[in-house]
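Here's a protein chain to look around in. Have the sequence and the 3D view open side by side, and let's take it one piece at a time.

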Amino acid sequence: MSIRNLVELKAVMPRHARLIGLDIGEKTIGMAVCDPGFTVASPIGTIRRTKFTQDAQELARAMKDRDVRGLVIGLPVNMDGTEGPRCESVREFARNLLIRPELFGKVEPEIAFWDERLSTSAVDRMMIEWDMTRKRRDEVVDKMAAAYILQGALDYLKKAAEAEQPDEEA
């Protein structure tokens with residue numbers, strides 16, 4: 001298990017494996033998973049944070065149930081591109097996963113970070129446009145933000161793959 005860039009992460013994924021996107025907050029961890037073709041991200045749930053080991057065990061269960069082999073973790077970079085205390089907290093969570101491979105059994109997942117700037121704001125705006133109540137938005141915002149983060153990473157991977165294809169002009 002290691003931390004890689006997104007393109008490297010995809011390259012080491014076994015065929016039909018999936019990615020899980022995480023929106024790591026102080027109180028919750030939003031989760032989303034992609035299809036085996038790395039096309040669409042779907043929200044799957046939220047972990048109420050308690051202690052690291054319990055959080056990681058719940059994450060490992062969600063991953064095992066869905067044949068997930070890679071994590072795309074949202075990195076809350078500041079608007080000016082710098083990393084503050086929230087980024088350090090997210091990086092620490094990832095480092096803790098790396099030093100506890102036994103939580104994942106035989107399959108140790110790979111990790112990549114994805115800039116999550118404005119993801120929660122964008123998701124909030126979408127849900128307001130959908131006329132969701134504030135209560136309902138509060139219930140789903142974290143897993144929806146995880147889906148937004150993961151979808152952004154999937155879209156990036158698709159564009160990177162297209163850029164590698166030679167032009168087929170005659």
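Let's start with phenylalanine 38. In this predicted model, phenylalanine 38 is buried, since its relative accessible area is 11% and the cut-off for buried is under 20%. You'll find phenylalanine 38 in the loop between β3 and β4 (41–48). Its backbone is worth a look too: phenylalanine 38 has a positive phi of about 60°, although it is not a glycine. Most residues other than glycine have a negative phi.

Aspartate 67 is another case, with a positive phi of about 55° although it isn't a glycine either. This one sits in the loop between α2 and β5. Is aspartate 67 buried or partly exposed? Its relative accessibility is 35%, so aspartate 67 counts as partly exposed.

## The overall layout

Stepping back, the chain has five helices and six strands. Follow the sequence and you'll read the pattern β-α-β-β-β-α-β-α-β-α-α. The C-alpha trace spans about 55 × 45 × 35 Å along its principal axes.

How does the radius of gyration of the chain fit a compact globule? For 170 residues, such a globule would have a radius near 15 Å, and the chain has 16 Å, which agrees. Of the 170 residues, 39% count as buried. Contacts reach across the sequence as well: take those between residues at least 6 apart, and 65% of them join residues at least 24 apart.

## What's packed inside

In soluble globular proteins, nonpolar side chains tend to be buried together. Here, the largest nonpolar core has 27 residues. Those with the most contacts inside this core are Ile20, Leu22, Met31, Leu59, Leu71, Ile73 and Leu97. At least two core residues each come from β2 (18–24), β3 (28–34), α2 (52–65), β5 (68–75), α3 (85–98) and β6 (110–115). Which element gives the largest share of this core? That's α2, with six residues.

Zoom in on isoleucine 20 to see who its partners are. Setting aside neighbours within four places in sequence, isoleucine 20 is in contact with several residues, including Met31, Val33, Ile44, Leu59, Leu71 and Leu150. There's also a second, separate core of 17 residues, and Ala32, Ala112, Ala146 and Ile149 are among them.

## Rings that meet

The structure holds two aromatic pairs. In one of them, the rings of phenylalanine 52 and phenylalanine 93 have centres 5.3 Å apart and planes at 70°, so the pair is edge-to-face. Phenylalanine 52 lies in helix α2 and phenylalanine 93 in helix α3, so to speak distant parts of the chain, 41 residues apart. Both phenylalanine 52 and phenylalanine 93 are buried.

The other pair is tryptophan 114 with tyrosine 156: ring centres 5.4 Å apart, planes at 50°, so this one is tilted. Since tryptophan 114 lies in strand β6 and tyrosine 156 in helix α5 (residues 134–164), the pair ties together parts that are 42 residues apart in sequence. Tryptophan 114 is partly exposed, with a relative accessible area of 22%, and tyrosine 156 is partly exposed at 40%.

One more ring to find: the charged end of arginine 91 sits over the ring of phenylalanine 113, 4.8 Å from its centre.

Methods. Residues numbered from 1 in each chain as written. Predicted model: local features only at pLDDT ≥ 70, side-chain atom pairs only at ≥ 80, totals over all residues. Heavy atoms only, no water. Core = buried A, V, L, I, M, F, W, Y, C linked by side-chain atoms within 4.5 Å. Buried < 20%, exposed > 50% of the residue type's maximum accessible area, 1.4 Å probe, protein only. Helix = DSSP H or I, 4+ residues; strand = E, 2+ residues; numbered from the N terminus. Contact = heavy atoms within 4.5 Å. Phe/Tyr/Trp six-rings, centres within 6.5 Å; stacked < 30°, edge-to-face > 60°. Lys NZ or Arg CZ within 6 Å of the ring centre and 35° of its normal. Rg over C-alpha atoms; globule rule 2.2 N^0.38 Å.
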